[in-house]
Amino acid sequence: MSSIRQFAASNTGNVFAAAEFEQLVHLCDLSSMQLLRTLKTTLDFGGNRLAISEDGTVLAVGAYYTHGIALYRTADNIEVWRRKDIKEVQQVSFCGDGTRVFCCTERKSCQVLNTARGTAFTALSQVKGIWESPFQPVRFLEQTRGYALTTLESPIARIERISFAVLGASFSESSICISEAGGPVRCFDTADGREIWRFEPAKGTHFLHVAFCRESASFVGVSWPYERGGKLLLQQFDRNSGVPKVITHVGPAIEMEFCLNGSRLISNDGSTLDVMNGRIVGKLQFPEVTSPQNRSDHCA
C-alpha cells in the first residue's frame, strides 16, 4: 500500500510534492515521471498543510502543535525560516507570484507571510481558507460566516455558504468553481460574484476536488458517494450548464491532486491520468508504507 497521504502541486510547475503521513516529503518531476529526492520536514497530517511554489524551489509545511510553519529549499532540504509562534496550522498555500505564503489556522485567522523571510505582511481575521487566482488579482476567502470574492485590496461580492466546509476551489480566467462538503458545485463570475451555474450531486455524493483544465477550457472534478461508498469518478462540467459527464473511474485512491494546468490527475498509487480522456499516461513509484522506526531510512 502506498505511504502517500498528502499532495501539493503548483498551477503550472513540473515539480510535485507527495508527502507521507508525517515528516517525509517526496519531490517528483512530472515531465520525466521520476522521484527527485526526499525531504525530512516537520509536516504533520491533517488539513492542507503542504504547499510548493510555482517554480518548485521552496516548500512550505505546517504543523498543528509545536512546530508552526516552516519553509524549506527543495534543492538541499535547508530550512529557510520557521514561525513556531503560529499554532494550529490548517491550510498553507502560496500566492500567485510566490512572494507570499498564506497560513490559515484553527483560530480562524490567516497570516500572510513574506516568503523570503517569514515575516508577516498582515493577518486576515475570520479567514479559514484562501485561494488566489493565477489569472487575475482576485481571491476567494472561506470565512466563518460565509464566503467572499475580493481583489487584493477591496471586496467584490459575498457568496452564500451552503455547507460547513469548502472541499475545493479553482479559478478560470473569469470565474471560480467551488465544491462544498455534502453540497453543490457552483461557478461564479469573478467580476461581480454572479452565479453562472450550479450542479447538485445525488444525495450522499459530493466532489472532493475541482480544477480548471486549460486544455479543455472547462472545470473538472472528482466525485465520491461518501454515504454508501463506491467509485470515485473523474468528471467534466459543461461550461454553460454545469452538468457533468463522466470521463473515467479514478480507482481506489485515498489522495489525489490535479496538476499541470488541470490536465493531469495524480493519485496516491502513482497513477497519472490525462484529464481529457481518462487514460493512464504515467506511473510514479511512491514508497510503500513502512513502520515508524524505519521511516528515516527513506530520507535522502
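**View 1. Strands β13 and β14 run antiparallel and are joined by five bridges.** Strand β14 covers residues 138-143. Strands here are DSSP runs of E with at least two residues, while helices are runs of H or I with at least four residues, and both are numbered from the N terminus. Two strands pair if DSSP finds at least two bridges between them. Glutamate 132 stands opposite arginine 139 in β14. This is a predicted model, in which local features need pLDDT of at least 70 and side-chain atom pairs count only at pLDDT 80 or more, whereas totals for chains, interfaces and linings use all residues. Residues are numbered from 1 along each chain as its sequence is written, and side-chain values use heavy atoms, with hydrogens and water left out.

**View 2. The open sheet that contains β13 and β14 has four strands in the order β13-β14-β15-β16.** The pairing in this sheet is antiparallel. The edges are β13 (127-132) and β16 (155-159); each has a single partner strand, so one side of each is left without a neighbour in the sheet. On average, neighbouring strands of this sheet are turned by 20 degrees against each other, direction ignored. Axes for such angles are lines fitted to C-alpha atoms, for helices over the stretch in contact, and angles run from 0 to 180 degrees between N-to-C directions. In a regular strand the side chains alternate between the two faces of the sheet.

**View 3. Glutamine 126 lies in the loop between β12 (120-125) and β13.** Its phi is near 60 degrees, a positive value in a residue other than glycine. Most residues other than glycine have a negative phi. Glutamine 126 counts as partly exposed because its relative accessibility is 42%. Buried means under 20% relative accessible area, exposed means over 50%, and partly exposed is in between (1.4 Å probe, protein chains only).

**View 4. Alanine 217 sits in the loop between β21 (206-213) and β22 (218-224).** Alanine 217 is a residue other than glycine with a positive phi, near 55 degrees. With a relative accessible area of 36%, alanine 217 is partly exposed.

**View 5. Strands β19 and β20 form a hairpin with five residues between the strands.** Strand β19 (residues 185-189) pairs with strand β20 (residues 195-199) in the antiparallel sense, over four bridges. Phenylalanine 188 has glutamate 195 in β20 as its bridge partner. In this hairpin, glycine 193 takes a positive phi near 80 degrees.

**View 6. A second open sheet has four strands in the order β25-β26-β27-β28, with antiparallel pairing.** Its edge strands, β25 (256-259) and β28 (280-283), each pair on one side only. From one strand to the next, the twist averages 25 degrees. Within the sheet, strand β26 (residues 264-267) and strand β27 (residues 271-274) run antiparallel and are joined by three bridges. Isoleucine 266 stands opposite threonine 272 in β27.

**View 7. Aromatic rings form 13 pairs in the whole structure.** One of them joins phenylalanine 7 and phenylalanine 16, with 5.0 Å centre to centre and 55 degrees between the planes, and is tilted. Rings of Phe, Tyr and Trp (its six-membered ring) pair if their centres lie within 6.5 Å; planes under 30 degrees apart count as stacked, over 60 as edge-to-face and the rest as tilted. Phenylalanine 7 counts as buried, at 9% relative accessibility, and phenylalanine 16 also counts as buried, at 0%. Elsewhere, ring pairs link Trp197, Phe199, Phe207 and Phe237 into a cluster.

**View 8. Tyrosine 64 is placed in the loop between β6 (58-62) and β7 (69-73).** Leaving out residues up to four places away in sequence, tyrosine 64 touches Asp44, Arg49, Lys87, Glu88, Val89, Gln90 and Glu106. Contact means heavy atoms within 4.5 Å. Tyrosine 64 and asparagine 240 are 176 residues apart in sequence and 41 Å apart in space, C-alpha to C-alpha.

**View 9. The whole protein, shown for orientation, has zero helices and 28 strands.** Its C-alpha atoms fill a box of roughly 50 × 45 × 35 Å, taken along the principal axes. Of the 300 residues of the protein, 56% count as buried. Among contacts between residues at least 6 apart in sequence, 37% join residues at least 24 apart.
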